[in-house]
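This report covers ring contacts and charge pairs in one protein model.

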Amino acid sequence: MNLSLNPVVGAVTKTTCPYCGVGCGVRASMQADGQLAIAGDESHQANAGRLCVKGSALAETTSLDGRLLYPQVRSDKHDKQSPSQRVSWDEALDKLAQGFSKVISEHGPDAVAFYVSGQLLTEDYYAANKLMKAYIGSANIDTNSRLCMSSAVAGHKRAFGADLVPVCYEDLELADLVVLVGSNTAWCHPILFQRIARAKEARPQMKLVVIDPRRTATCELADLHLPLKPGTDVWLFNGLLSYLSQQGRTDAGFVAAHTNGHAVALQTAMRDCMDPAQVAKICKLDVQDLLSFYAMFAGTEKIISGFSQGVNQSSSGTDKVNSIINCHLLTGRIGKPGMGPFSITGQPNAMGGREVGGLANTLAAHMELDQPQHRELVQSFWNSPAIADKPGLKAVDLFQAIERGDVKAVWIMATNPVVSLPDADQVQRALSKCELVVISDIMEKTDTNAYADVLLPALGWGEKDGTVTNSERRISRQRAFLSAPGEARADWEIVCRLAQRMGYSGFDFAGVHEVFDEHARLSAFRNDAVQGVPRVFNLAGLVGLGKAGYDALQPVQWPLSVAAGGTARLFTDNIYAHSDGKARFIATPPRAPANMPDGDYPLSLNTGRVRDQWHTMTRTGKSARLADHVPESFVDMHPQDALLCGVREGTLARVSTRWGSLVARVQHSGGIARGGVFVPIHWNGQTASDARVGALVNPVVDPVSGEPEFKHTPVSVQEFRVAWHGFVLHRGQLTLDDVPEISHWTRIQGQQFSRYELAGLKPIDEVGAWARALSGVTAADADWLEYQDSSAGMYRAIHLVGDRIETCIFLSPRPDLPSRAWLSGLFLKPQLEEMDRVGLLVGQPVEKGADAGPTICSCFGVGRNTICAAIRQQDIKTVPEITACLKAGGNCGSCVPELKKLLNEVRVEETA
């Protein structure tokens, strides 16, 4: 069921994609058949009309299936397993107001907390931050951006005096050398990656260096890949700083006039990292490759150093950031076109949340909690009864405080910490004990919602209205074009209604445009009053827009002190945000990750995203084409490590740490070095029986930023030995938790069906009857076709309704089961042909070419087998030839690295 759309057929709403921090412009419109159409916005500077496959599939994710539509309150607050009951908004808000007020009265303001999200719009963030820090009077509001960007924030503040990204996207195209550190840009920020790829194609002399322990899709375009040992980034960049100094590449005039701390930072770097051979040994790199990178950096003026989660998500993440920035300061390569350090933001509004003080250690408008003048300024502007005077609890500390009982009430907005936080089982324990757990969400069932005392239905993408800020400081509008479902409300409105019920003034906004206007006015309020240094973050040019001006707001980069223009690059005048106007070198003594592999846990776990999914899949999990590329969780590891652990590719393995464990399928991508494993972050209790990787991750955090060490946890891998493997394709959904024969399952959304990958520890007795019961087939005269080879342990069954397939079940003692791609295609047929029936019984397609294989290009649904066959039959040599033949790679370009890899594999195969 789709939501009501703008009733004018063909009317276009310009909005912004809700996924990564690139912030692509989107055009949404209603077609004559009532379906939503999505296209890229050609006028938006971030993407110029291009969308990645996730953005292209947005129309497939707006159904009301599984949506939370009405407020709910748990019937027994002392029993987290008791059912929730629908209530009115008045009842829900009264319960919140009474609950929070009671806790504050009895235990003080620091006994309550908000945990918010980079999925919120800036206006939502602003209202929540204002309520917590200036009216409740505590800084216990933190965000899931703590998990991805807080090390970049801390590094920026140490170096520049404020959280400032100096570059813009155009600089990626103007640079002569792009260095990507800890960023699989091809998969995680594909539109930016394609901008780099097109620039490199136009200027072949442009170089790309990728620094990443894994050989990812991004490496397929690289001139040099440095697969450094996880956790050794600071050694690498301290070594670069030493090398640049020794080679005479210091911009002495810039360093003397515009920086502080150069001598100490350089001395620290040279103490441990002066010898490239020693650095190469520590980083486990070929010394010639290392020197090649150092020489490229030294000899190139226009350099962009882009970094993302591989740098930030570390117990030394802030030092990693500053070690990169130090190299740009030493050479003066900052504040000019085509050069500078570039933090590539993960979430759609992680930047907007930072602008309004969404982190527990900051105030709104880039002001600081630890500065009395800033606190006085904010309190004066808000005319509030209080202002937080000390930093609040950061994400990991917050949930530990909840478990201890120090925090007794928490409001979680638009995030799923039971899946996403490290040591995630501890989060479960904390929420189980918490006196009052309030959750605002768009989905009714998530791993975290199971612990809610109060559930509040929020608006989702396409329904809510506000602004977001992308990685290049560009503010864009998210506009509503879908009607609000059920009784869902905007997050900012929920916050304001609660504030009013708690007796607070200052929350009587007539609309979202008034929230934004107050945010803009605060950014410009007494902007130069503190130490005579103007704050760089300034939206004075957007003050007083009114509703019409706000509705018409075009994408614009801050700071903008006047209405027109915006600012593409910062520090062009060499003036920074520290009180003396200078940038600071930061000494970064290298240190190893907090927990190292040992005899019990001999491997190192790295976590991250896959190409076509987002966070915990509450949105992307609804799209069948997004599910096709990587349908289930996996543990990617080196074949030699797999041999030592006693596991084989395609089988299931248990991955364990001191904090938790999961079960996933073993994979050998060829991109993992010895000693490391990779597991994706997306799967959770709604999509798999045992695949939450957050439960495995150590809860160690960076001492400055509080960001967790997601990229380095010691693990062990053992065989998860099962008696049988299988899968079910079924129109509708199955309930599997109470089926004792199933020990492991993953649910995948198909087109007109659900797919389940299954495994069991013990053989199934009476398999035919079991299969019928699982499928809900009770009629004796049902059209049920089955085949069983008891000696081989093989079983397959098909349930037909008329001439359409309703269910198919395949079981085997081995994991090499028939192609799901072929079977999925049969569910789209209105009527099965006789050859289809024969193929179903024999377990493989009868017609040649009927099996397209695993999906490579999700945009056009092109499979591996189809691509490889075309390469062989038509003697294809290049990716553009594949695109011309099959369309694959012709839309978002996310699959281009994989297409290149397939070309190489086929060539090698033919040569052999």
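The structure holds 23 aromatic pairs. Rings of Phe, Tyr and Trp (its six-membered ring) pair if their centres lie within 6.5 Å; planes under 30 degrees apart count as stacked, over 60 as edge-to-face and the rest as tilted. The model is predicted: local features need pLDDT of at least 70, side-chain atom pairs count only at pLDDT 80 or more, and totals for chains, interfaces and linings use all residues. Residues are numbered from 1 along each chain as its sequence is written, and side-chain values use heavy atoms, with hydrogens and water left out.

**Aromatic pairs**

Tyr115 and Phe399 pair edge-to-face, at 5.2 Å centre to centre and 90° between the planes. This pair links distant parts of the chain: Tyr115 is in strand 6 (residues 112-116), Phe399 is in helix 17 (residues 395-404), and they are 284 residues apart. Helices (H or I, at least four residues) and strands (E, at least two) are DSSP runs, numbered from the N terminus. Both Tyr115 and Phe399 are buried. Buried means under 20% relative accessible area, exposed over 50%, partly exposed in between (1.4 Å probe, protein chains only).

Trp724 and Trp770 have ring centres 5.8 Å apart and planes at 70°, so this pair is edge-to-face too. Trp724 is in strand 27 (residues 724-730) and Trp770 in helix 25 (residues 767-775), 46 residues apart. Both Trp724 and Trp770 are buried. Elsewhere, ring pairs link Phe237, Tyr243, Phe293, Tyr294 and Phe297 into a cluster.

**Charges over rings**

Lys130 lies over the face of Phe507, at 5.0 Å from the ring centre. The charged end of Arg477 sits over the ring of Tyr550, 4.1 Å from its centre. The rule: NZ of Lys or CZ of Arg is within 6 Å of the ring centre and within 35 degrees of the ring normal.

**Salt bridges**

A salt bridge is a side-chain nitrogen of Lys or Arg within 4 Å of a carboxyl oxygen of Asp or Glu. The count comes to 50.

| Salt bridge | Closest N and O atoms |
|---|---|
| Arg526 and Glu376 | 2.8 Å |
| Glu719 and Arg721 | 3.1 Å |
| Glu909 and Arg872 | 3.0 Å |

Glu909 lies in helix 30 (residues 896-911) and Arg872 in helix 28 (residues 864-873), so the pair ties together parts 37 residues apart in sequence. Glu909 is partly exposed at 46% relative accessibility. Arg872 is partly exposed at 39%. Salt bridges that share partners also join Asp465, Arg477, Lys547 and Asp551 into one network.
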